[in-house]
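Open the structure in your viewer and keep the selection tool at hand. We will go from stop to stop, selecting a few residues each time.

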Amino acid sequence: MFQTLVEFQRTIYLALAEQIKLLSAGGDWLAFLAFLPMGVVFGAAHALTPGHSKAVLATYLAGSDAKVSRGLLVSVTLSLTHVTIAVLIAGLSLPLVSIALGSVGRAPLLEDISRGLLGLIGLWMLWRALSHGHHHRHEGEAVGVMAGLIPCPLTLFVMTFAISRGVPGAGILFAITMMVGVALTLSCVAILSILFRERLVDFFASKPRLFETVSRTVEGVAGLILVGVAVWQIIFAP
């Protein structure tokens with residue numbers, strides 16, 4: 001499955017590279033615009049591969065009281081941040097790459113910031129579970145922004161290639177369509193996580209005390225997982 005996704009992405013990327021080469025040589029923008037919908041498929045397939053904070057998203061939503069609408073908003077926020085950060089890094093490549101990029105397609109500084117902030121969210125969820133706290137209405141969006149701080153590597157490649165060919169607008173347009181595809185995949189993850197949690201809520205509806213205990217336990221475990229993942233990645237991730 002993973003190898004199939006990789007090969008599928010490679011096929012689309014090679015076709016995109018050819019389209020950008022044609023544009024840089026004075027080609028037809030209408031042909032490129034006709035190719036753009038492939039960016040949605042590209043982004044959706046790319047988001048199915050490991051990474052993209054799917055586990056963070058699912059863990060947070062399973063431990064929160066967010067409804068589907070809120071889960072979709074978190075997913076879109078995460079996707080928007082994930083792709084936009086990559087576009088900004090590529091667009092400001094000369095001054096920023098030397099500071100933030102340690103290797104091709106990665107931004108270690110931003111990754112560590114993202115992990116640290118997610119760890120703080122985990123601690124907040126854990127504290128709330130232990131103190132009967134309530135959810136802050138904007139916390140979900142904050143999780144989306146923090147998790148999305150890790151830039152999308154393929155967007156970096158697309159933007160860098162488009163800029164090197166003198167057609168940065170083509171890279172930005174394709175990045176936007178990629179973002180839509182990533183958001184679609186992450187939205188599916190969000191909906192499934194929320195539906196799973198709501199099924200548990202229905203199951204415990206006739207047992208309010210047990211439900212409260214289970215709910216706080218799930219939130220506390222979700223917080224511990226976020227903290228554990230953040231600490232492990234900061235210490236051991238390359």
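## Stop one: a serine side chain

Select S75 and L186. The side chain of S75 reaches the backbone oxygen of L186 at 3.3 Å. Keep in mind that this is a predicted model.

S75 is found in helix α5, which covers residues 68–91.

Is S75 buried or exposed? Show the surface to check. S75 has a relative accessible area of 0%, so it counts as buried; the cut-off for buried is under 20%.

Next, select L57, L186, S187 and A190. S75 touches these residues, leaving aside those up to four places away in sequence.

## Stop two: a threonine in α5

Stay in α5 and select T77, which lies in this helix. T77 is buried, with a relative accessible area of 14%.

Which backbone oxygen lies 2.8 Å from a polar atom of the T77 side chain? Select L73: the oxygen is its own.

Then pick A183 and draw a line between C-alpha atoms. T77 and A183 are 106 residues apart along the chain, yet their C-alpha atoms are separated by 8.5 Å.

## Stop three: helix α1

Select residues 2–24. This is helix α1, with 23 residues.

Now colour the buried residues of α1. They are L5, Q9, I12, L16, A17, Q19, I20 and L23. Look along the helix axis as you do this. An α-helix has 3.6 residues a turn, so residues three or four places apart point the same way.

Move on to G26, which follows α1. Its phi is positive, near 90°.

## Stop four: a nonpolar patch

Select W29, L30, L33, I172, L173 and I176, and show the surface again. Together they form a nonpolar patch on the surface, with about 540 Å² of accessible area. Which elements give two or more residues to the patch? They are α2 (29–35) and α10 (168–203).

Finish on I172, found in helix α10. Its relative accessibility is 39%, so I172 counts as partly exposed.

Technical notes: Residues are numbered from 1 along each chain as its sequence is written. This is a predicted model: local features need pLDDT of at least 70, side-chain atom pairs count only at pLDDT 80 or more; totals for chains, interfaces and linings use all residues. Side-chain values use heavy atoms; hydrogens and water are left out. Helices (H or I, at least four residues) and strands (E, at least two) are DSSP runs, numbered from the N terminus. The expected span of a helix is 1.5 Å times one less than its number of residues. Buried means under 20% relative accessible area, exposed over 50%, partly exposed in between (1.4 Å probe, protein chains only). A polar contact is a pair of N or O atoms within 3.5 Å; within protein, one must be able to donate a hydrogen and the other to accept it, and residues adjacent in sequence count only if both atoms are side-chain atoms. Contact means heavy atoms within 4.5 Å. Patches are made of residues with over 30% relative accessible area and no salt bridge: like charges are joined within 9 Å, nonpolar side chains (Val, Leu, Ile, Met, Phe, Trp, Tyr) within 5 Å. Accessible areas come from the Shrake-Rupley method with a 1.4 Å probe; for residues, only the protein chains shown count as cover. A salt bridge is a side-chain nitrogen of Lys or Arg within 4 Å of a carboxyl oxygen of Asp or Glu.
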